[in-house]
Amino acid sequence: MMYLRFVDHQLAPSTDFDARASDIYSRTRSLPEGMPILLDDRWRPVEPWLTYFRIVAASTDPATLRAYAYDARRFASFLATRQTDVIHASSDDIVAFREWRLSGSERPVSPATWRRDVVVIRGIYQLLTQTGQIQREPWITIGRSSPLRMRWRSEPDIRPLTQAQWRTFLDVGLGGRTAAGDLDESWRGTTSLRSKAGAQLAVTTGMRLGEFSTLLDAEVPPPTGTGISVLLEACAKYQKRRRVHVPLTTLRAVDLYRQTERRAVVRASAASLWRRRSELFVVDEIDVSAGILRGRVNGRRSRWRLHQLPPHLRRIAVIERDHGMEALGLFVGRGGLPISRRQWHATFEAPSGRALRLAQDEMGGRRARITPHDLRHTFAVVLLKSLTDVALAREAERRAGNVGPATISEHIAINPRLTVQRLLGHSNPATTMVYLRYIEDTDALIQDVFESWSDEGMTYADAVLADRNVA
């Protein structure tokens with residue numbers, strides 16, 4: 001059995017600690033805050049994982065570090081069931097782990113999840129070879145063949161919502177209404193405005209759960225007649241900076257939640273947050289126009305730019321107001337601090353089941369539960385389809401002589417795939433290309449184009465445009 005713990009410098013040893021435990025505690029004070037520690041069944045730190053995470057913690061953000069930690073525990077625990085460890089594992093053990101991840105007792109993992117497993121496996125074996133604990137990795141690589149390479153290629157499970165499904169999920173699932181539009185008297189939801197505001201942020205901006213759930217209240221100002229732009233970085237995947245546009249309708253939904261449910265939670269939790277202030281990030285200055293905040297955490301002064309404030313500080317950031325202590329996070333829970341990712345998944349889970357159960361016709365035969373990432377996929381598909389229509393219309397106008405020839409920069413600026421790739425923050429263009437299959441019925445398009453493709457002087461692109469214009 002392997003256990004996983006994380007370094008927490010706020011924990012103090014009790015007075016009845018023995019000398020050995022006290023010595024272990026004092027030595028862990030030199031480890032980075034939040035660093036994972038893998039323990040064996042006798043609660044002893046396991047090497048080489050302790051050294052590995054000490055190195056990784058120096059250059060990895062806390063969220064990714066925690067993900068690596070759970071991957072490492074899974075890998076180490078699997079090897080333990082085969083009566084071995086990372087130092088003595090063979091190529092057969094690595095292959096067995098890969099097959100177990102693919103079709104064993106767990107759900108088959110996605111390519112992205114397996115790639116993260118590979119990062120941990122390669123990292124620990126790189127450490128072992130560099131320190132001389134082993135001569136070489138336990139696997140043999142011939143050309144591009146390796147036990148770490150996936151034997152299958154699969155695309156992301158993209159499940160965009162139609163407009164009818166989205167409205168049903170919003171009103172019936174999150175809003176507590178019946179399929180007929182009446183208020184369901186048996187519904188007991190108490191945070192519908194928070195849930196609806198979060199869902200609308202996801203579907204209209206394409207933000208990931210880790211992005212919209214960690215937004216600060218100051219980053220989404222009240223509506224003033226137009227949408228706003230939010231700069232994401234610290235909470236974005238791989239900390240890749242990008243801007244997202246929040247439409248006016250979404251700002252209004254957020255502000256409605258802010259003026260009602262959030263205000264009530266803030267008032268109710270002010271006293272308890274004040275009592276907990278020693279363990280929180282207490283902000284004493286926030287300059288929204290300059291995008292800077294200053295405060296104190298763990299007894300030390302700290303200064304951050306808003307978009308660079310890491311997720312773990314966003315979740316404990318508070319500021320003193322006239323009514324008491326208030327969290328800086330936008331979406332707060334009963335205790336006054338931002339709710340966790342797990343709570344957000346639960347927020348979507350029950351309403352999704354409710355919508356599928358009470359409004360089957362409106363859900364159009366959909367069976368899969370709706371997740372926060374489904375709303376990001378919906379944003380991508382809807383935007384890509386709209387931008388493609390605009391690009392085709394502009395091309396048709398150009399061919400008709402209504403506008404002049406487009407420059408290279410204009411082609412790039414209005415390219416639908418490049419635009420969606422930028423807005424979603426995709427590093428790999430192939431990831432965005434997957435969404436192309438959802439923007440039209442390509443089988444029908446090919447059928448229509450080639451049936452009418454009788455003009456030998458007409459190119460395939462001309463035929464596609466002609467077909468779209470007729471339609």
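**Exercise 1. Decide whether Gln 165 is buried or exposed, and list what its side chain reaches.**

Step 1. Gln 165 has 7% relative accessibility, so it counts as buried; buried means under 20% relative accessible area, exposed over 50%, and partly exposed in between, with a 1.4 Å probe and protein chains only. The model is predicted: local features need pLDDT of at least 70, side-chain atom pairs count only at pLDDT 80 or more, and totals for chains, interfaces and linings use all residues. Residues are numbered from 1 along each chain as its sequence is written, and side-chain values use heavy atoms, with hydrogens and water left out.

Step 2. Helices (H or I, at least four residues) and strands (E, at least two) are DSSP runs, numbered from the N terminus.

Step 3. Look for polar contacts, meaning pairs of N or O atoms within 3.5 Å; within protein, one must be able to donate a hydrogen and the other to accept it, and residues adjacent in sequence count only if both atoms are side-chain atoms. The side chain of Gln 165 has a polar atom 3.0 Å from the backbone nitrogen of Thr 162. The side chain of Gln 165 also reaches the backbone oxygen of Met 363, at 2.6 Å.

Step 4. List the contacts (heavy atoms within 4.5 Å). Leaving out residues up to four places away in sequence, Gln 165 touches Pro 160, Glu 362, Met 363, Gly 364 and Arg 366.

**Exercise 2. Work out the order of the five strands in the open sheet, and which strands stand at its edges.**

Step 1. Two strands pair if DSSP finds at least two bridges between them. The order is E7-E6-E5-E8-E9, with mixed pairing.

Step 2. The edges are strand E7 (300-305) and E9; each has a single partner strand, so one side of each is left without a neighbour in the sheet. From one strand to the next, the twist averages 35°.

Step 3. Take the pairs of E8 in turn. Strand E5 (residues 281-287) runs parallel to E8 and is joined to it by three bridges; Val 283 stands opposite Ile 319 of E8. Strands E8 (residues 317-321) and E9 (residues 324-327) are antiparallel, with four bridges. Arg 321 has Gly 324 in E9 as its bridge partner, and two residues lie between the strands of this hairpin.

Step 4. H9 (residues 248-275) lies across E8 and E9, at about 120° to E9; axes are lines fitted to C-alpha atoms, for helices over the stretch in contact, and angles run from 0 to 180 degrees between N-to-C directions.
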